[in-house]
Amino acid sequence: MRLFSFSNLFISVLLCSLAVKAARQVVSWDIGYVYADHVGGPRYAIGVNGKLPIPPVHITEGDTFVLRVHNSLNVSTSIHAHGIFQTNTNHMDGAAMVTQCGIPPGQSFTYEYKVNQAGTFWLHGHYHHQNADGLRTPLIVHDREQPPYEYDDEYVFGFEDWYNQTYKARLDETLDPNGTFPPPSPAPNALINGVDGNATEPIFFRPNRTYRIRLINMSATVWFKFALPGHQMRVIEADGKYSVPLEVNGITLGPAQRLSVLVTAYDNVARNYQYLVEVFASFFPRIPGESPKYYTGIIEYSESASLAAVDPIPILEAIPEDKSFSGCTDAELSSLDRQPAFPVDRSIDLVLRGALFTDNVTRDIINNITYTEPHIPTLYSALSLGSLAVDKDLYGIQSNAVVLKHNEYVELIVHNPNTIPHPMHLHGHAFQLIEYGPVDPRIVLGSNRESLGNQTAPIVRSSEYPMQRDTVVVPTMQYVKLRFQADNPGVWLFHCHMDIHFGMGMAMTFIEAPSALQNTITIPEKMAQMCVDQGIGIFGNGAGNAGTDLSGLAPMPTIKSF
């Protein structure tokens with residue numbers, strides 16, 4: 001199994017050949033069930049063209065990306081390009097029942113959109129949480145012009161978690177009103193580029209060459225640490241945004257986050273080295289050999305060189321779990337574009353929690369609302385409601401909608417008064433990381449108060465030029481302040497990227513500039529027909545009715561306790 005690499009020669013040829021005009025990059029996927037014999041035991045999974053892992057996709061900034069999808073599953077599917085802003089193409093965002101109906105079984109659909117970003121992204125299923133069962137792969141968008149940092153070659157590490165159970169089986173156990181909560185769940189195994197983390201082939205370093213290493217956490221639940229003992233890493237990118245270089249000894253990635261580092265090889269081939277990987281989650285009990293798990297691979301300078309072997313455990317354990325890097329947080333990165341902190345036109349407080357409802361089901365909530373799908377895609381409501389589209393209530397209470405004015409500067413203050421961290425992802429935008437700090441004790445409820453005495457989190461403020469990301473880990477018992485400009489009309493999800501928590505309802509929708517949106521987007525006939533074929537409406541409010549008539553929507557379930 002080869003760790004995916006692009007040589008500088010190829011990159012140079014690619015840049016030269018495509019410098020004149022952008023290309024139309026076409027990829028065809030037949031999504032279907034495959035038999036995966038991964039570590040931990042074989043089971044059915046979801047692959048592409050009869051294979052798993054799914055080959056990574058490489059395109060160039062400015063290209064039009066065309067993804068032809070045929071659905072050979074027995075349920076609907078959709079594909080989201082994680083981190084791609086979809087400017088003027090909100091309907092191609094792939095979030096099922098938010099921006100489209102799923103692609104029905106046996107049918108085909110083509111996603112087509114221009115990608116005016118460069119960086120490290122990924123493609124994944126966004127219906128029925130199919131990414132957790134294998135429907136995920138890196139999406140690398142190469143710079144059209146010379147990148148701001150020079151390097152000779154690059155490697156991509158796609159990190160995944162792998163469970164013996166399907167996602168549906170795990171979610172059904174979690175939402176079972178007659179079961180224990182949380183249900184017993186063994187810690188997952190780790191895959192690196194689709195294979196057992198301890199079965200990867202070497203990466204190859206040549207003396208004095210500089211390598212870009214792209215790290216992508218494509219997992220559904222867990223965090224990954226990464227280290228290169230004996231080598232210095234310089235962080236240059238986070239979630240598709242370039243940063244001022246920051247030297248680090250270790251990296252921690254939450255679910256859905258990405259980073260690029262530069263590493264310069266030694267000037268000799270006397271020794272080979274190891275790269276180290278840890279998979280963990282703070283909410284899994286520590287069991288030696290089970291959680292956390294440790295993996296090693298080889299950095300080969302010469303086939304005949306001796307190996308500078310290390311004990312991975314103390315090196316990886318020294319990397320903080322609650323920070324992006326050894327010794328500092330991602331808020332301490334500086335954005336290379338030197339964009340100062342945005343002003344604030346509007347501040348929105350969001351409180352993340354879990355709650356027990358009166359039906360004896362534990363769900364996740366944002367501001368006391370647990371998300372469920374509306375009767376028609378929320379985008380279709382925003383497009384068809386006319387002047388009523390500014391009324392957040394018409395999207396249905398459990399769409400948890402917030403309407404944003406065009407171009408206003410928004411600050412989100414996301415509070416996590418819980419003992420589990422939450423990786424929160426915003427579609428359609430990258431936000432500035434402004435501040436981390438300790439949660440207000442007055443909003444800590446129930447059993448979580450037992451952990452309040454251990455709260456020692458300092459206030460950490462951004463640099464003069466705040467780093468931008470599209471996914472932020474909100475640490476336990478902390479808040480984070482995020483800012484973005486509402487300059488991308490559309491319907492954008494904001495949700496926890498731990499798929500179980502998303503499935504439990506930790507999600508909301510931003511309805512951004514609906515009037516401008518109505519003058520920007522027209523739903524293609526094929527997309528509308530996919531809804532019709534499944535008995536799903538394409539006009540009206542969240543209940544699929546005209547005007548303000550919300551009859552037919554299920555009532556919001558009642559919270560029993562926190």
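How much space lies in the largest pocket? About 970 Å³. Before you click around, note that this is a predicted model, where local features need pLDDT of at least 70, side-chain atom pairs count only at pLDDT 80 or more, and totals for chains, interfaces and linings use all residues. Residues are numbered from 1 along each chain as its sequence is written, and side-chain values use heavy atoms, with hydrogens and water left out.

**Stop one: the pocket**

Select Phe 181, Pro 182, Phe 283, Ile 420 and His 501, the closest to the pocket's centre among its 40 lining residues. (On a 1 Å grid over the protein atoms alone, a pocket is an open set of points where a 1.4 Å probe fits, with protein on both sides within 12 Å along at least five of seven lines; lining residues have an atom within 4 Å of a point. The volume is the space filled by probe spheres set on the points.)

Now colour strand 23, which gives the most to this lining, with 4 residues. Helix 2 (167-174), strand 24 (362-366) and helix 5 (499-503) also give two or more each. (Helices, H or I of at least four residues, and strands, E of at least two, are DSSP runs numbered from the N terminus.)

**Stop two: the disulfide**

Next, pick Cys 101 and Cys 531, joined by a disulfide with S to S 2.0 Å (the rule is a pair of cysteine sulfur atoms within 2.5 Å). Cys 101 sits in the loop between strand 6 and strand 7, Cys 531 in helix 7, 430 residues apart. Their link is right-handed, with 105° about the S-S bond. Both cysteines are buried, meaning under 20% relative accessible area with a 1.4 Å probe, protein chains only.

Notes
Buried means under 20% relative accessible area, exposed over 50%, partly exposed in between (1.4 Å probe, protein chains only).
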